[in-house]
Amino acid sequence: MDLDTIVIGAGVAGLVAADRLIAAGQEVVVLEARDRVGGRTLTEDVPGTDHLRVDSGGQWIGPDQRLLAAELERFGLTTIDQGGPGEILVSLRGKKARYTGSTPRLSPATLLDVGQAMLRFERLAGRVDLEQPWRTPHADRWDGQTFETWIRKACRTRKGRDFFRIACEAVFATTAANVSLLHAMFYSRSGVSFEHLISTDGGAQHARVDGGMQQLAERLAERLGDRVHLAEPVTAIAHGEDGVQVTTIRGQYRAEHVIVAIPPTLAGRLAYDPPLPAMRDSLTQRMPHGAVIKCHAVYDRPFWREDGLRGEAAGDTAPVKVIFDATPPGADQPGILVAFIEGADGLAMSGATPAERQHAVVEVLAHYFGDEARRPVAFLERDWSAEKWTRGCYGAHLPPGAWTQVGAALREPVGPIHWAGSETAVRWCGYIDGAISSGERAAREISG
């Protein structure tokens, strides 16, 4: 047997796992279905521009994401603060307002409602057992209802409910009706707090990587060299006491262990011999991804700043609920707005034409930033639900009943098969920092 471990997936989790195993003296190969590394991180060139790039995949880092910060520092990658001067826009039920700071300009009744509901939710989330959410006291009760059910009970105003629903789509890329309350609690505590997950300054969207986040995966892959095999999808895993045999479209590999570092829904589509235990197989069927179409509208300049705006907006104006400024640093740079079509809107707009999607997006941008937003010089979009080797973003979520019935199988190895990926993380589940910790954990399971 020439290999110690086979890693399936050259996203951040798989590359980190391979990197740590090689440091421990193992012989490793990484098998990647795409013709690139990076998984759900992807930095692309803007057509018609000179060296202008945007992150079409995961891009942000928060101050509490220490593992990601350490990896960026390791490779000499620097960050740019997402926030900046100017006012933020919010639009709910036809009323648009500008504000600064962390408190949206809503009516006093709405702010009080959001405040009391947020406090109640954070108290609930603080009770979750992060290592074993299914063992949380009252887990059955919380896992037996949706986040939407809780929102309807906890919020007393229509706009208060709107706020939480929009925030849910921004975090999970699906509607609150699809997410278990226990999962919402776990996910929020995993990322510090729900408020932290939806915040820019000091929150999960605090900064982005200068030159793009995909550079992290590219640097990791450079260290691995020819151990990384691109455009080689895995089709089957045979496993037993004598190790594993992994079959790809090109051939077969044998090793003592395999780390499956691809999203659960894709991991469930591989052929296993013998079949996976019922609990693990059921888990992969009950962890769907959210739906996201990430769009970049490029302008000759960041014109919104001339109006005292910082290019950040949120609201209920479909199909775009959240917008950020993606303009690179430098006074002479073009201006870029990044808009997200998420959840049910993401699924519906996936069936539209590119021209229809662009029109829908720029109309929302015009709602917030004026008529000039209707005239981008370039427009890019990435429909992650249509990506063959992803099938959705930002990560997977668990519906009611899943955590308590099959959650114990999430990280539990099946003989020589080990699981990695951001969805398996305890801290920063669903984020790049969580992908790093998952890769490190899987490597420790093998190397000790």
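# Helices and backbone features in a predicted model

Visitor: Which residue follows helix H13, and what is the value of its phi?
Guide: The model discussed here is predicted. Helix H13 covers residues 354-369. The residue that follows H13 is Gly-370, and its phi is positive, near 100 degrees.

Visitor: Which residues of H13 are buried?
Guide: A residue counts as buried when its relative accessible area is under 20%. In H13 the buried residues are Arg-357, Ala-360, Val-361, Val-362, Val-364, Leu-365, Ala-366, Tyr-368 and Phe-369.

Visitor: At what angle do helices H1 and H15 pack?
Guide: H1 spans residues 12-23 and H15 spans residues 432-447, with their axes 7 Å apart. The angle between H1 and H15 is about 40 degrees.

Visitor: Is H1 roughly parallel or oblique to H15?
Guide: The packing angle is about 40 degrees. Angles under 35 degrees count as roughly parallel, and 65 to 115 as roughly perpendicular. The angle of H1 to H15 therefore makes the arrangement oblique.

Visitor: How many nonpolar residues does the contact of H1 with H15 have?
Guide: From H1, the contact includes Val-12, Val-16 and Leu-21, and from H15 it includes Ile-432, Ile-436 and Ile-446. By class, three residues of this contact are polar and two are charged, while the number of nonpolar residues is ten.

Visitor: Is Ala-173 buried or exposed?
Guide: Ala-173 is found in the loop between helix H6 and helix H7, and its phi is near 60 degrees, a positive value in a residue other than glycine. Its relative accessible area is 1%. The limit for a buried residue is under 20%, so Ala-173 is buried.

Visitor: What is the relative accessible area of Trp-428?
Guide: Trp-428 sits in the loop between strand S20 and H15. Its phi is positive, near 55 degrees, in a residue other than glycine. Trp-428 is buried, and its relative accessible area is 4%.

Methods. Residues are numbered from 1 along each chain as its sequence is written. This is a predicted model: local features need pLDDT of at least 70, side-chain atom pairs count only at pLDDT 80 or more; totals for chains, interfaces and linings use all residues. Side-chain values use heavy atoms; hydrogens and water are left out. Axes are lines fitted to C-alpha atoms, for helices over the stretch in contact, and angles run from 0 to 180 degrees between N-to-C directions. Helices (H or I, at least four residues) and strands (E, at least two) are DSSP runs, numbered from the N terminus. Angles under 35 degrees count as roughly parallel, over 145 as roughly antiparallel, 65 to 115 as roughly perpendicular and the rest as oblique. Contact means heavy atoms within 4.5 Å. Ala, Val, Leu, Ile, Met, Phe, Trp, Tyr, Cys and Pro count as nonpolar, Asp, Glu, Lys and Arg as charged, and the others, Gly among them, as polar. The expected span of a helix is 1.5 Å times one less than its number of residues. Buried means under 20% relative accessible area, exposed over 50%, partly exposed in between (1.4 Å probe, protein chains only).
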